[in-house]
Amino acid sequence: MNPFVFHSPTKVTFGECTSWTAAEVAKDFGATKTFIVTDEILMKTGILKPILGAFEENSYCLFTDVPSDSDVDTVNKAAVLARQFGANCVLAIGGGSVLDTAKVVNICLSLGGELLDYQGLNNLADRLGPIIAIPTTAGTGSEVSMVAMVKDHKEGKKLLFGSRFLAPDAAILDPTLLVSLPPRLTAATGLDAITHAIESFSAVISSSSFTDALCLEALRMLFDNLPRATAHGDDLEARSATLIASAMAGVAFTNSGVGIVHALAHATGATFGTHHGLTNSILLPHCMNFNLDTISYRYALISRHLGFSKSANDNDAASALIKAVEEISAKVGLPSRLRDCGIPVLNKAQLDELAFLASTDPAIMFNPKESSVQDIIGIYERAY
Ligand SMILES: NC(=O)c1ccc[n+]([C@@H]2O[C@H](COP(=O)([O-])OP(=O)(O)OC[C@H]3O[C@@H](n4cnc5c(N)ncnc54)[C@H](O)[C@@H]3O)[C@@H](O)[C@H]2O)c1
Ligand SMILES: [Fe+2]
C-alpha cells in the first residue's frame with residue numbers, strides 16, 4: 001500500500017434549515033463582524049432571508065457581486081470592502097463560484113498583500129481567519145476542499161489556490177437551499193461531483209482507503225438520487241443525498257487530487273466560459289476511455305460496487321461504468337458534445353491552445369495515465 005496523509009479539518013453540519021444557524025456558528029468563532037459573500041441570483045430567490053435575519057444589525061457586510069465565473073477583479077473588489085468593514089469572519093453562501101471567491105477573499109483579508117502572490121500550491125504561510133461555507137449547489141465540494149479557483153482574464157486562465165489552510169472551518173449542508181436550483185444546473189453540478197469521485201478513486205498514487213470509501217458511497221448516492229433531484233427539485237431526500245455525496249467527494253478529491261477530466265475542463269472553461277460541471281460531464285466518458293487500458297481494474301471495482309456489471313473481466317466491467325456515466329448524463333438532460341455547449345468552432349489554433357493549458361494544469365499530475373499533447377487534442381476532437 002502507498003503511504004498517505006488524510007486531512008479533513010472542516011466541521012460538517014447537515015440538516016434542513018441548518019443554514020439559519022450561521023450567525024451562531026460565526027459567533028462561536030468569535031466573529032463580531034462577518035463579511036458575507038453571495039450573488040444576486042440567490043438574493044432574488046429569497047432563501048437567504050432567514051440566514052441574514054439571524055445576524056445582529058451592523059454585525060455583517062453583504063457582498064453580492066459575484067459573477068458565475070468569478071475572477072481576480074471580483075476578489076480584489078470584495079477584499080477591499082471586507083478590510084474597510086474590519087471583518088473578522090467570512091461567510092460564503094452560494095455555488096462554487098461564490099465559495100471560491102470567498103475563500104480567496106479570506107486569504108487577502110487574513111494575510112494582506114497581493115492576491116497573485118498566493119496562487120499555486122502551498123503558498124499560504126499561516127492560518128487564515130474563520131470562514132464558514134454554505135453550498136447552494138451540490139457539486140464542487142468547495143465547502144470542504146483545500147482549493148479555490150478564480151479566473152484571471154488577463155492571462156486567460158483559471159488560477160489555482162491550494163493549501164490545507166484553505167479548507168473552510170465549517171460547512172453547513174442545508175438541502176432546502178437547493179430547491180430553487182434549476183434542473184440543468186442540478187444535473188451539471190451533480191456530474192461535477194460524480195467526476196470528483198471517479199477521478200479521486202482513479203488517482204492511484206495519491207488516493208487511500210479513506211478516500212476510496214468516500215468515493216464509492218458518494219457515487220452510490222449520486223447515481224441513485226441525481227435523476228430524482230433533477231426532475232423534482234423539491235424532493236428534499238434526493239437533494240440531501242446529492243448534497244452530502246458532493247461534500248464526501250470533495251473531501252476525497254481534495255486529499256487525492258483529480259485528473260485529466262478536470263485539467264481539460266479547466267482549460268475549456270477558461271477559454272470558452274463553459275460551466276465547470278457541464279464541461280466535466282461531456283469530457284468524463286472520453287477521458288475514461290483514454291485511461292481505460294491503465295485503470296480498468298479501478299473502474300471495474302466501482303462498476304461492480306454500483307451493480308452496473310457482474311463480469312469478472314475488468315475491461316467489460318469498466319466499460320459498463322463508462323456506459324452508466326453516459327446514460328446518467330443523458331437521463332438528466334445534459335448534452336454529450338462540446339459543440340452543443342457554446343463552442344461554435346474548435347479550430348487547430350484553439351485546440352493547440354487548449355492542449356497547452358490542459359497539459360500544464362496541476363490537475364493532470366494526479367491522472368493515472370500520462371498524456372501527450374496529441375493525446376489531449378484527440379480527446380477534445382472526440383468530445384467535440
Ligand atoms: N474549490 C473547489 O474545490 C472547486 C471544485 C470544483 C469546481 N470549483 C469551481 O466552482 C465553480 C462552479 O461552481 P458551481 O458549479 O457551483 O456553479 P456556480 O457557483 O457558478 O453557480 C452557477 C449558477 O447557479 C446559480 N445558483 C447557485 N445556487 C443556486 C440555487 N440554490 N438556486 C438558484 N440558483 C442558484 C448561481 O447564481 C449561478 O448563476 C467554478 O468556478 C469551478 O472552478 C471549485
Ligand atoms: Fe470539479
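**From the sheet to the iron site**

Strand E6 is mostly covered, since 5 of its 5 residues are buried, where buried means under 20% relative accessible area, exposed over 50% and partly exposed in between, with a 1.4 Å probe and protein chains only. This is a predicted model, in which local features need pLDDT of at least 70 and side-chain atom pairs count only at pLDDT 80 or more, while totals for chains, interfaces and linings use all residues. Residues are numbered from 1 along each chain as its sequence is written, chains are lettered from A and ligands numbered from 1 in the order in which they are written, and side-chain values use heavy atoms, with hydrogens and water left out. Helices (H or I, at least four residues) and strands (E, at least two) are DSSP runs, numbered from the N terminus.

Within E6, Ile131, Ala133 and Pro135 point one way and Ile132 and Ile134 the other way, and all of these residues are buried. E4 is joined to E6 by 5 bridges, and these two strands run parallel; Pro135 in E6 is the bridge partner of Gly94. E6 also pairs with E9 in the parallel sense, over 2 bridges, and here Ala133 stands opposite Ala171 in E9.

These pairings belong to an open sheet of 6 strands, in the order E1-E9-E6-E4-E2-E3, with parallel pairing; two strands are taken to pair if DSSP finds at least two bridges between them. Strand E1 (11–14) and E3 stand at the edges with a single partner strand each, so one side of each is left without a neighbour in the sheet. Neighbouring strands of this sheet are turned by 15 degrees against each other on average, direction ignored. In general, strands of a sheet pair through backbone hydrogen bonds, either parallel or antiparallel.

Strand E2 (residues 34–37) has both faces covered, with Thr34 and Ile36 buried on one side and Phe35 and Val37 buried on the other. Towards strand E3 (residues 60–63), E2 makes 4 bridges in a parallel arrangement, and Val37 stands opposite Phe63 in E3. Towards strand E4 (residues 89–94), E2 again runs parallel and is joined by 4 bridges, with Thr34 opposite Cys89 in E4.

Two helices can be followed across these strands. Helix H5 (residues 96–111) lies across E2, E4 and strand E6 (131–135), running at about 165 degrees to E4, whereas H8 lies across E1, E6 and strand E9 (170–173), at about 160 degrees to E9. For these angles, axes are lines fitted to C-alpha atoms, for helices over the stretch in contact, and angles run from 0 to 180 degrees between N-to-C directions.

The largest nonpolar core has 66 residues, and those with the most contacts inside it are Ile194, Ile198, Leu264, Leu283, Leu338 and Tyr380; such a core is a set of buried Ala, Val, Leu, Ile, Met, Phe, Trp, Tyr and Cys residues joined through side-chain atoms within 4.5 Å. Among the elements that give two or more residues to this core are helix H6 (183–202), helix H10 (276–305) and helix H13 (373–383), and H10 gives the most, with 11 residues. Apart from this core lies another, of 34 residues, including Val66, Leu109, Leu115 and Tyr118.

Leaving aside neighbours within four places in sequence, Ile198 is in contact (heavy atoms within 4.5 Å) with Leu219, Leu284, Met288, Tyr299, Ile302 and Val325. In H13, Ile376, Ile377, Gly378, Ile379, Tyr380 and Ala383 are buried, and the buried residues of H13 pack against H9, H10 and H12.

Which residues coordinate the iron ion (ligand 2)? The iron ion (ligand 2) is coordinated by Asp192 (OD), His196 (NE2), His262 (NE2) and His276 (NE2), at 2.1 to 2.2 Å, where donors are N, O and S atoms within 2.8 Å of the metal (3.2 Å for Na, K and Ca), and water is not among the atoms, so sites may look incomplete. Along the chain, the donors follow the spacing D-x3-H-x65-H-x13-H. Asp192 and His196 both lie in helix H6, 4 residues apart, which is about one turn of the helix. Asp192 counts as buried at 2% relative accessibility, and His196 counts as buried at 2% too.
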